[in-house]
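Biologist: I am new to this structure and would like a close look at a single part. Please take me through it step by step.

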Amino acid sequence: MDMYTLVFILVISLVLPCVESNKGPKVWGLHGESWNRDLLLDWSYSGYAGKERGYPEPPFGANVLDFGAVGDGIVDCTGPFLAAIDTVSKHGGGTILIPAGRYLLKGRLVLSGNNIVLKGEGNEKTTLYYEHPLSSYDGFDVERHLTKGFLQSPYSWRDGVIQIVGHDRGSKDTSKITHGWVVEPSKIGQRHLILDSVDGLVPGQWVRLMQSDVGGSLASHLYGTDFDKISLMKTTADDCEPQCASDISNEQDLVKWVSRILEIQNGNVVVLQRALPMDVSPKWKARLLPMPDSMPKESGVRDLTIEFAWASAGKHHHDQGYNGILIQNAVNAFVYNVHTINAHQGFLVKNSQMVSLDSVKVGRTRSRRSKSMPWDGHIGIGLYDSSDVEVAEFDIRGEWLHDISVRGCLMSAFHSGRGDNLRIDTHRSAPYAILFSDIYVGEGTRTFGTGGFLSRGLPVAKYTTYYNIRNKKHKPIELPASTVAGPCTWGKQVNYIGKWTGNECPGYHVEFITDSQVHPKDLYSAMLRRKVETRNDFPTGVIPALQSRLAKTTSNTDQPPKIFPAGDGSYPVVHYPETY
C-alpha cells in the first residue's frame, strides 16, 4: 500500500464519523426527522404551562417597602413581607416587588394562593438573608427529636424558607366526584380516553390523569419488566426484603399526569392535547379529574438570592433547616433567576405538576464540608413524586450529596446545566421517562448515584434518557449498570446518547457520539423547537422567551429549516380558553 492510499484511508476514517454524526442521533436526527417514538417520548410539554406560554407577570400588587421593609440587612423584615403576601393574596394575586437590598428575614414566606409572584430586581441586587436555620426560628431541637427513634430530621427532604404550597389528596379527595373513571384501555401514544361520564369537563380545561398500582402491575409497566422475573427480586441484599419494589406495589396515585382537553366527542370520549406517555387501563383505577382548587396555580419566585449565614454541613438526615425554595402540591408554578447560598437543600419540587426551575444556581461562600458530612449539603435540586418538571440552565457550585435528584417522577427534564463535580441521583420509586440532556458534570468522578431503599424498585424506569452528558476531560463516561442489588440492575429500556464506555445491559440503547459531534446539543430544546415550528398559534411573547432554548438546537449559526409543515397534527392546537 503506497503512502497516498494510506493517507486517503486515514482522511476518510476521520471524516466519515463526522459526516455520520451530522445526521444527528439515530433516535432523533437533526430536527426530529428520525424520531423513534418507541425509544424517545415527547418532553416538549415538560415545564411551566407545558412550555406554551411565558412565565406569568401579574399586575402590581404590593411593594414590601410600603409595608415597612428595610433592605439594610439589619432590620427584621419578616412582618412586612408577610403583610405584603397577605394583602396580595386577599386581592386575588399580583406581583410583590422586592427592590434591591439585603433583607433580614426570620421565618417562612408561604404563597398558597393563585397568581402570586415574588419578584426581586435581580439575583445580584435583591437578597433575602437568614442568620439561622428554620429549626432555630421554630424553636425545634433536631438532635433531641432524633434520639426519640426518628430516622431523620423533619427538615430533611422537605420545607423551605420560601414555599409555593397547597394541599392535594389525589384520588382520595374525590368523595364529591363519583365519575371520571376510565372504562376502556388506551395505549401509549394515543390521545383519547373513554370515561363513564364527562360531567364537569370542558375543552381547554387542565385535567389530571391518575393511576394506582395493583399488585405491582403498574410498577412493572413503568419499569418495562416483570419484577418476578428479574434477578433483583432474588437478591440477598439486607434491605431488600421480602421483595424489591414492594413499597410501591399497590401505591395509590403512582401516576399523576396533566394535559389540557382538546375536545369531547361522542358524549364520553375525551381527546387530550398530549399523547399518553404510558398505557392507561381501568385495572389501574384510572381517573381523569379537574385540577383541585386546593393546589396553587400560576405562582412563582424570580430575580433574587436566598442566602444563609455560613455553617458547616451536619450529619446526613440531621438537617437543621437551611432550606431554600419548596414547591409542593402546586401546578403551573415557576422559579426563575434565583440563587441559593449556603443552603443545605436548595430547590425542592414535591407532588407538583408543570413546574419550571429556570436559571437557578446553588452555591456557598466557602466549603461547608465537615467530618460528618463530606459534602457541601444534602440536596442541590430535588424532584419528588412530580410530573412534567423542567430544570433548565442550572448551576451547582460545590458538591452536594445529591446535586440533582429525582424520585418517583415522570416526564421531567434536567437540561442545559452544569456542576463542579455533578452527581446525577436517581432515587428509585419508578422515575419514568426522565431526560438528562446537555449536562456538563465537571470533574466527573461521581457522575451517577442512587439512594433509597431497594424495596422502592430500580433506580430508573423506562424511557429515561441520558443525552450529551460530558465531563471536564472529555473522557467517555461509564455506563451506569450495577447497584448493590447486582449487575444490570440500574434500569430497563434506557437510552444513552453521547460519549460512553463500559458494558451494555439488556434493554439499553447506546449511541456513541463524541462531545463535539453531538447535534443537536440539547434534545429538550430540539423537541421544543420542533413543536414551535409546527405550530403557528403561539402568543407573541412566547417565542422570544424560548430563544435561549432554541439556540441550543443548532450546531452552527445557521437555523435549521422548517422541515415540518405547520399544523401537521403532531401538536394539536386547543382553541378554547384555559380553565382549571
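Which residues lie nearest the centre of the largest pocket, and how many residues line that pocket?

Modeller: The model is a predicted one. In it, the largest pocket is lined by 19 residues. Those that lie nearest its centre are Gln152, Trp157, Arg407, His427 and Phe453. The space in this pocket comes to about 570 Å³. Sorted by class, its lining has nine polar residues, six charged residues and four nonpolar residues.

Buried here stands for a relative accessible area under 20%. In a regular strand, side chains alternate between the two faces of the sheet. In β10, Trp206, Arg208 and Met210 point one way, while Val207, Leu209 and Gln211 point the other way.

Two strands pair with β10. With β11 (residues 255–265) the pairing is antiparallel over six bridges, and Val207 stands opposite Ser259 of β11. With β13 (residues 287–290) there are four bridges, and the two strands again run antiparallel. There, Met210 stands opposite Arg287 of β13.

Pro374 lies in the loop between β18 (353–363) and β19 (379–384). The C-alpha atom of Pro374 is separated by 8.3 Å from that of Leu401, a residue 27 residues apart from Pro374 along the chain.

Methods: Residues numbered from 1 in each chain as written. Predicted model: local features only at pLDDT ≥ 70, side-chain atom pairs only at ≥ 80, totals over all residues. Heavy atoms only, no water. 1 Å grid on protein atoms, 1.4 Å probe; cavity = no way out; pocket = protein on both sides within 12 Å on 5 of 7 lines; lining within 4 Å. Points joined across faces, edges and corners; volume = space filled by probe spheres on them. Nonpolar A, V, L, I, M, F, W, Y, C, P; charged D, E, K, R; others polar. Buried < 20%, exposed > 50% of the residue type's maximum accessible area, 1.4 Å probe, protein only. Pairing = 2+ DSSP bridges.
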